[in-house]
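Biologist: Hey, could you walk me through this one? I'm new to it.

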Amino acid sequence: MPALELRGIVKTFGGLRANDGVDLVVQWGEVHALLGENGAGKSTLMNVVYGLQSPDAGEIVYDGQPVVIRRPEDAIRRGIGMVHQHFMLIPPLTVAENVVLGHESARGGMMDLTAAGQMVSELSHRYGLEVDPRARVRDLSVGLQQRVEILKALYRGARLLILDEPTAVLTPQEIDRLFEIVSNLKAEGKAVIFITHKLAEVMRIADQITVMRRGKVVATTTPAESSPPDLARLMVGRPVLLRVEKGPAHPGDVLLEVEALKVEDDLHHPAVEGVDLQVRAGEILGVAGVEGNGQRELVEAIVGLRPAKGRVTIAGRDMSHATTHRRLKDLSHIPADRQQMGVILDMSIADNLVLPDFDRPPFAHWLIRALDSIRAFAARIIKEYDIRAERPEQRTGSLSGGNQQKVVVARELATDPKILIAAQPTRGVDVGSIEFIHRRIVEQRDRGLAVLLVSSELDEVLSLSDRVAVIYRGQIAAVLEGEAIDREHIGLLMAGAA
Amino acid sequence: MNEFLQRADLVGLAAATLLASTPLVLAALGGVMSERSGVVNIALEGIMLTGAFMGYVAALATHNLWFGVGVAILSGALIAGLHAVLAIEFLVDQIVSGTVINILAVGITGVYYRTFIQQQNVAGPGTLPVWKIPFLANLPVLGPIFFQNQFVTYAMVVLVVCVHLLLFRSVWGLRTRACGEHPLAAETAGISVRFMRYGNVMLSGALGGLGGAYFSLQQVGNFLPNMTGGKGFIALAAMIFGKWTPFGAFLASLLFAASDALGSRLQFYGINIPYQITSTLPYVLTIIVVAGAVGRAIAPAAVGRPYKKS
């Protein structure tokens, strides 16, 4: 009897059919990979199974019984657990408190934390999920936080475990540990649904693979019967280049230099502690690191959005105390958070594209905006960057994530900058757009652009960078070049272990 | 020196401080529970005023002060329920909905004061009796400060401990804190954020309502328009200064109350400052403390943000 059977699940958001008649069968004791691009409907489908969203149509059969799951509680009660991509943990609470939350052992309404701690230790030992029950979650590494999430699901008696993009924020070593844990769960006869868009992981861990595209299941297969290029083609709907094609770099003068940079985070704790970096014309320096190790603060300090101590030299000039406006003369910035900092969602595509120069010719004459030249410029860029839009006046928020990101990339490259700071340039972007954005960045590098690439996707850093700097706890652990760029070694550096 | 100490009457000052802190602490405890669940409650001023008024009216009508206290608590919870409905159900900005309650309370109690209370020349219900705890009341120093008080003050001291246990030791408290820090996480753990927020906002109102009873039933024995005089806002400052913890809020309230008690005694000490100036002391202190504490104190992460299930 299958663990889970979905029949004809439909879920629409406005006009968008996120799930369009999805069928899925998952067996006990199997790792079932759900593969698809961002926006393919994988997370929506699993949210339906977990009761976070209610389906418009379709049937859920769990362990042979047709079930209706309206709320997460219903799912939990039946033994369905979910580890979300963005962890559902409460940072100020302890591990034990987080694990038992919602299902507390109590006497007369008062918490029995000793019992909770014991339960957590017991589960930890059984599945190899070592973590201190009394530690506060906010003090744990991302890998440990994920263990807490898995513990939480097991504590609630999960037999079917849904893991939503579980490797996105892990170092390679943490991924190995996670895969061991998943194998343990499988050996106990539990069913695991593994949501991902990473092909290599699917080949490694999955027993069954279901590929989704635009809300529909396009294939069900196994690692033995398929290959990464096949799966990529199924995901995207056309053949894709999985590798970035680029020639050797021809570095020129140092265009961006950061010396002894010290930056604080929002809570005034030190986030960047004495960073030195040099980026030359015509090279891509990749900054690898687990998110939250000071990348955001580093980028914001270079762009001038955050006060910092130390020296920032842009195109030969000391800009340590310059305003962001002045720095942006030679520098372009693709911010990590597209929706907050990259584009103004409520404004048109055209207005977003001219943001850096909206107040000067050719886009404005004194106080009057030159709408014709704005429109012409926007139309040209939309074509050049293959932004899938109906017209330049369209609201930017109505575009897909990938196309929004193309708007940002196009705008930042259109000003002919000397330096590009690209933070998470392909986050939440479909494979087709990733390929496009990567190609553009490499093209500009070949024309002499100095690129500082900051990404928590190790694959992205490895495939694009000419040199790799590894950041750990606000410091550069190492800068690697050529043969020294080794995946395992970088993984250890990212975890502070080398 | 000895003579100065006698004149300074430190024991009297301490007793007056505890007394004056009563409504501050109660409202601040209410603020703690509400904000820990994720709902800003600037309506505490209006909630206390409502409690003061309804409690007085009920006591007047029934000639039973205890019935009045009960009605004060209940009416506080109910008007806080209105805040909860606006903030949770209709996703109204919580500052706006709190302000609505404050204005509503001033308006309604003011109108009925004039049409109902002022017109009636009946004898008031009096004030809650002073309970001297046997033996303990006769202790030197401690006796007059802690064991010769009225009901609301005793209740306040007990509630500080109760709210602390509720917040940090009970299941309800754990769930409350979860809702205030990360409501989506709480929801995925099977907790109804909506239920927890309603419960805590109304609990906050009940505490505020009891704080209101202090004014009309314990201190004055009458209702006067706007008699809470901004104490609900000072209580919020105490809550922030106390870092959203019951004991912190208690100590911060004592600080504000001490400045209040001191202000009214300065002249007594022979220091000649006009009382108009000395009575501004707690308010000035509030501004200084809030200016210094805000930004440093870390609020519950999701406080003030409406949560709606998708």
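**Cavities and contact**

Modeller: Lining the largest cavity are 16 residues, and A:Y50, A:G81, A:M82, A:A153 and A:R156 lie nearest its centre. A cavity here is a set of points, on a 1 Å grid over the protein atoms alone, where a 1.4 Å probe fits but cannot get out, and lining residues have an atom within 4 Å of a point. Mind that this is a predicted model: local features need pLDDT of at least 70, side-chain atom pairs count only at pLDDT 80 or more, and totals for chains, interfaces and linings use all residues. Residues are numbered from 1 along each chain as its sequence is written, chains are lettered from A in the order in which they are written, and side-chain values use heavy atoms, with hydrogens and water left out.

Biologist: What volume does the largest cavity have?

Modeller: About 110 Å³, a volume being the space filled by probe spheres set on the points, which are joined across faces, edges and corners.

Biologist: And what lines the second largest cavity?

Modeller: B:A20, B:L24, B:K231, B:I234, B:F256, B:A257, B:D260 and B:P282. About 40 Å³ of space lies in there.

Biologist: New topic: how many residues does each chain bring to the contact?

Modeller: Chain A gives 26 residues and chain B gives 20 residues, with contact meaning heavy atoms within 4.5 Å.

Biologist: Which residues form a salt bridge there?

Modeller: One pair is A:E104 with B:R175, whose closest N and O atoms are 2.8 Å apart. The rule wants a side-chain nitrogen of Lys or Arg within 4 Å of a carboxyl oxygen of Asp or Glu, and it finds two salt bridges across this interface.

Technical notes: On a 1 Å grid over the protein atoms alone, a cavity is a set of points where a 1.4 Å probe fits but cannot get out, and a pocket is an open set with protein on both sides within 12 Å along at least five of seven lines; lining residues have an atom within 4 Å of a point.
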